Amino acid sequence: MKKLLFLCCSILILATGTVKAQIRNLLNFNDTNGASPYGDVIISGNKLFGMTYSGGEYNYGVIFSMDTDGNRYKVLLNFNDTNGQNPYGTLTLSGNVLYGMTYYGGAWGNGLVFSIDTNGSGYKDLLDFHINSGSAGADPVGSLTLSGNVLFGMTYFGGGFGDGLLFSINTNGSRYKDILDFNGANGEYPYGNVILSGSRLYGMTLNGGAHSNGLIFSIDTNGSAYKDLLDFNSANGKYPHGSLCLSGKQLFGMTIAGGTDSEGVVFSIDTNGSMYKVLLNFNASNGQTPYGSLILSGKVLYGMTSTGGANTGGNIFSIDTSGSGYKDMYDCDITQIMNGVYPYGSLCLSGNSLYGMTTQGGLWAEGVIFKMDTNTVAGINELSVNSGVIALFPNPNNGNFTLYLQGISGKSLITVYNLLGEQVLQTSLNSTTTQIDMSNKAEGLYLYRIVTIKGELIGEGKFVIQ
C-alpha cells in the first residue's frame, strides 16, 4: 500500500495557508480505482464519466462513472491491453453509449476506437490502429467528435507520412475513412480533437506548419477544402496542445509555449483565419503550460494550467472572451496536495459547478476528481485558515467516537472517506464536542477532513474501526 498522505495521529495540529475559492475533493485515485487521469470528465444528468491513463486491475487505466456528489464510484472497464491501454483523451456520449480511444493496446498495440454502454456492458472494439498499414493511423491522443452516426478523430502518428491523420468512422465500426494525412507542411502530430460547425471541421496540430510550431486548420468533413488558418511562430504562441472552442464565428484555444514569456497563451481567431488575437500571455505567476482546452459559458472562458500559479501546482482561471477580466480562481499547491496538483485536462461545467481532474495529488498522490462552484468565487479573495487543535477518541474505535475541536470559531463540516477514496459520511459539527456514529460501516481504516462552512481547511487525519 502506498504511504498515506494524512497525518498518522489522533490529535492534529493545524497547518496554515490560504486558498482563493472553495474546492471539494470528490474522489482520490489510488491505483485500484484508477490513476493519473490525463483527460476530462463529462457529465450526463447527475453522473460523471471519465478515464484514467493508468491504474486499475492491469495498471492500463480504467473507465469510470460517479455521481456528481462524489458517491457511487464505479469502474466500468479495466483496460487490459487487448481491449485498449492508456487512454489520454475524453469520452464522447451519445444516448447510453460512450465512445473513446486508447493510445496503446488493441490488436497491433497502436491503440483503438471503442464503445461501451454507460452501465459498463456492451464493450465493442470498433477499430484497431496499425502504424504499418499506412492510412490506418496510430496512437491517438485526443478525443472523438460525434455528428449523427459518424465519429471524427485524429491520431498522433501514422498516416501516409507518419505525422498523424484525421479520420472518420461510423459508430458501428464501419466505413472507416482517412480524411487527411498530415505531412509537416499541413500540420504534424495532432494532440487534441477536431470540433464541428456545419460541414466544417476545425483543429490544431502540435507541430508542423511554416515555423514547425504547430498550426490551426479547417477542412470539410469529406476531406476537401483544407485551409491553414494560422501558423504559430512562437511570438503568437507555440505548440497548441488541446482543442478549440467555438462561439459564433470565433475560435478560442491555448498553446503550451510561446508568447511574451514563453509559457503559453490564450488566443482567439475568426473561423476564416482573420482577426487573430492573443488574449493572455501566461507568465508562471498567472499559470503556465496549459495542456487542456477552454470551455465557454456566455462570455466567460474557463481553463486550467498544469503548472505555475501562486503555488506552482497549476491553477484554475477564467477570462472574458475579449481578453479582459482574468481571474485566478484557484491555485493548486504542491505543499498542500490533498486537493490535487498538476491538472492536464479540461473543465466540465454544469450549472454553477465546475468539475475536473488532476494527474497527481490526493490521498495516494494518484490524482483526484474535484468540484468547484463558480458562484462562490466572486468577492472571495484570500480565506484565512482557522488555527486550533482536533482530537478524535477513542482511536481505534467500534464506529462510535468523539470529535473535540479546540480554538475553532463557527460551524464546521467533517467528511469521511474509505480507502477507495469514496465519501462515506458528511455531517456538520455544531459544538466543541460532537459524537459521531459510524457503527454501520465496515471495519478498517478511514480518513477524514474538517473544514469551516466557508471552505477553510481546519484539519485532517485518520482513524480505525475495529
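How many aromatic pairs does the structure hold? The predicted model holds 29 aromatic pairs. One of them joins Tyr-38 and Tyr-344. The ring centres of Tyr-38 and Tyr-344 are 5.2 Å apart, and the planes meet at 85°, so this pair is edge-to-face. Tyr-38 sits in the loop between strand 3 (23-28) and strand 4 (42-44). Tyr-344 sits in the loop between strand 28 (327-333) and strand 29 (348-350). The pair therefore ties together parts that are 306 residues apart in sequence. Tyr-38 is partly exposed, at 26% relative accessibility. Tyr-344 is also partly exposed, at 27%.

A second pair involves Phe-401 and Phe-463. Their ring centres lie 4.7 Å apart with planes at 45°, so the pair is tilted. Phe-401 belongs to strand 34 (residues 400-406), and Phe-463 belongs to strand 39 (residues 457-465). This pair therefore ties together parts that are 62 residues apart in sequence. Both Phe-401 and Phe-463 are buried.

Ring pairs also build a cluster. Its members are Tyr-38, Tyr-53, Tyr-88, Tyr-103, Tyr-104, Tyr-156, Phe-157, Tyr-189, Tyr-191, Tyr-291 and Tyr-344.

Strand 3 and strand 31 (residues 368-373) run antiparallel and are joined by five bridges. Ile-23 has Met-372 of strand 31 as its bridge partner.

Attention now turns to Ser-218. This residue is part of strand 18 (residues 215-220). Its relative accessibility is 1%, so Ser-218 counts as buried. The side chains of Ser-218 and Arg-200 are joined by a polar contact of 2.9 Å. Beyond residues up to four places away in sequence, Ser-218 touches Arg-200, Leu-201, Tyr-202, Ala-225, Tyr-226, Lys-227 and Leu-229.

Ala-225, one of the residues that Ser-218 touches, has a positive phi of about 55° although it is not a glycine. Ala-225 is in the loop between strand 18 and strand 19 (227-231). At 45% relative accessibility, Ala-225 is partly exposed. Arg-175 also has a positive phi, of about 60°, and is not a glycine. The loop between strand 14 (165-170) and strand 15 (177-181) holds Arg-175. With a relative accessible area of 67%, Arg-175 is exposed. Most residues other than glycine have a negative phi, and most peptide bonds are trans.

Two cis peptide bonds deserve mention. The bond from Phe-393 to Pro-394 is cis, with omega near -10°. The bond from Asn-395 to Pro-396 is cis, with omega near 10°. Pro-394 lies in the loop between strand 33 (389-393) and strand 34. Pro-396 lies in the loop between strand 33 and strand 34.

The protein has a mean pLDDT of 89, and 89% of its residues reach 70 or more. Over residues 1-19, pLDDT stays under 50. The model has 61 contacts beyond four places in sequence for residues 1-19. Residues 377-387 have pLDDT below 50. Beyond near neighbours in sequence, the model gives this stretch 29 contacts. Where pLDDT is low, the predicted coordinates should not be read in detail.

Technical notes:
Residues are numbered from 1 along each chain as its sequence is written. This is a predicted model: local features need pLDDT of at least 70, side-chain atom pairs count only at pLDDT 80 or more; totals for chains, interfaces and linings use all residues. Side-chain values use heavy atoms; hydrogens and water are left out. Rings of Phe, Tyr and Trp (its six-membered ring) pair if their centres lie within 6.5 Å; planes under 30 degrees apart count as stacked, over 60 as edge-to-face and the rest as tilted. Helices (H or I, at least four residues) and strands (E, at least two) are DSSP runs, numbered from the N terminus. Buried means under 20% relative accessible area, exposed over 50%, partly exposed in between (1.4 Å probe, protein chains only). Two strands pair if DSSP finds at least two bridges between them. A polar contact is a pair of N or O atoms within 3.5 Å; within protein, one must be able to donate a hydrogen and the other to accept it, and residues adjacent in sequence count only if both atoms are side-chain atoms. Contact means heavy atoms within 4.5 Å. pLDDT is the predictor's confidence in each residue, from 0 to 100.
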